[in-house]
Structure formats: structure tokens, C-alpha cells
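Reader: Could I ask for a close look at a single part of this structure, taken slowly and with the cut-offs behind each term spelled out? Please connect the local details to the whole where that helps.

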Amino acid sequence: MRTVMIILATLMVYCMMPSILNWIGCFISYRRKYRCLYEQYLCRLSDYEEYHCFMEKCERKHQVKVINGMIDNGKEMRRNLFHS
């Protein structure tokens with residue numbers, strides 16, 4: 001009776017082993033895939049933050065340029081008003 005149980009247990013392990021190995025393989029590939037995707041996400045996030053900082057600097061420069069232009073126009077209008 002004991003040998004029959006050992007044979008059946010061995011047969012069960014033999015039959016279950018491919019599906020267990022397949023599951024382990026799928027789990028490993030899943031982890032690798034999502035680790036790679038997460039690394040790509042972090043890279044894109046870093047790129048976005050750099051781009052956002054660059055655009056903020058450009059916008060600040062543009063705003064300063066516009067404000068300085070408005071100040072110059074105001075000075076010119078005041079000069080024209082008093083000299084006319």
C-alpha cells in the first residue's frame with residue numbers, strides 16, 4: 001500500500017510539475033516585464049520634469065520680455081504725451 005501511495009504521489013508531482021514550472025516562468029516574465037515598464041516610466045517622468053522646468057524658464061523669460069516691452073511702451077507713450 002505504501003509503494004502504491006509513493007508511486008501515485010510521484011505521478012502526481014510528475015504531472016503537476018510542468019504546470020508549476022510554467023506558472024513560475026510566467027510569474028518571472030511578468031515581473032521582468034513590469035520592472036522594465038516601471039524603469040521606462042521613471043525615465044519618461046524624469047524627461048517630463050526636465051521639460052517642464054525648461055518650459056517654466058522659457059515662460060518666465062517671455063513674461064519678463066513682455067513686461068519690459070510694456071514698460072518701454074509706457075515710457076514712450078509718456079514721453080510722447082509730454083513732448084507733444
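Author: The protein chain exposes about 8500 Å², and carbon and sulfur atoms supply 66% of that area; accessible areas come from the Shrake-Rupley method with a 1.4 Å probe, and for residues only the protein chains shown count as cover. This is a predicted model, in which local features need pLDDT of at least 70 and side-chain atom pairs count only at pLDDT 80 or more, while totals for chains, interfaces and linings use all residues. Residues are numbered from 1 along each chain as its sequence is written, and side-chain values use heavy atoms, with hydrogens and water left out.

The part to look at is the helix. The protein chain has 1 helix and 0 strands, where helices (H or I, at least four residues) and strands (E, at least two) are DSSP runs numbered from the N terminus. The radius of gyration of the protein chain is 36 Å, well over the 12 Å that the globule rule gives for 84 residues, so the chain is more spread out than a compact globule; that radius is taken over C-alpha atoms, and the rule is 2.2 Å times the number of residues to the power 0.38. Along the principal axes, the C-alpha atoms of the protein chain fill a box of roughly 120 × 15 × 10 Å. Buried residues make up 0% of the 84 residues, with buried meaning under 20% relative accessible area, exposed over 50%, and partly exposed in between (1.4 Å probe, protein chains only).

Helix α1 covers residues 2-83, which gives it 82 residues, and from its first C-alpha to its last it reaches 117 Å, close to the 122 Å expected at 1.5 Å a residue; the expected span is 1.5 Å times one less than the number of residues. A kink of about 35° lies at Met-17 in α1, shortly before the proline Pro-18, the bend at a residue being the angle between axes fitted to the seven residues ending there and the seven starting there.

Several side-chain pairs can then be placed along this helix. An α-helix has 3.6 residues a turn, so residues three or four places apart point the same way. Rings of Phe, Tyr and Trp (its six-membered ring) pair if their centres lie within 6.5 Å, and planes under 30 degrees apart count as stacked, over 60 as edge-to-face and the rest as tilted. By this rule the count comes to 3 aromatic pairs. In one of them, the rings of Tyr-30 and Tyr-34 have centres 4.7 Å apart and planes at 50°, so this pair is tilted. Tyr-30 and Tyr-34 are 4 residues apart in helix α1, which means a separation of about one helical turn. Tyr-30 is partly exposed at a relative accessible area of 48%, and Tyr-34, at 42%, also counts as partly exposed.

The charged pairs come next. A salt bridge is a side-chain nitrogen of Lys or Arg within 4 Å of a carboxyl oxygen of Asp or Glu, and a search of the whole structure finds 2 of them. Arg-60 bridges to Glu-56, with the closest N and O atoms 3.8 Å apart, and these two residues lie 4 residues apart in helix α1, about one turn of the helix. Arg-60 is partly exposed at 48% relative accessibility, as is Glu-56 at 34%. Arg-79 and Glu-76 form a salt bridge with an N to O distance of 3.5 Å, and being 3 residues apart in α1 they are separated by about one helical turn. Arg-79 has 42% relative accessibility and Glu-76 has 36%, and on these values Arg-79 is partly exposed and Glu-76 is partly exposed.

C-alpha distances along α1 complete the picture. Leu-8, which sits in helix α1 and is partly exposed at 48%, has its C-alpha 71 Å from that of Glu-56, 48 residues away along the chain. Lys-75, also in helix α1 and partly exposed at 44%, is 36 residues from Glu-39 in sequence and 54 Å from it in space, C-alpha to C-alpha.
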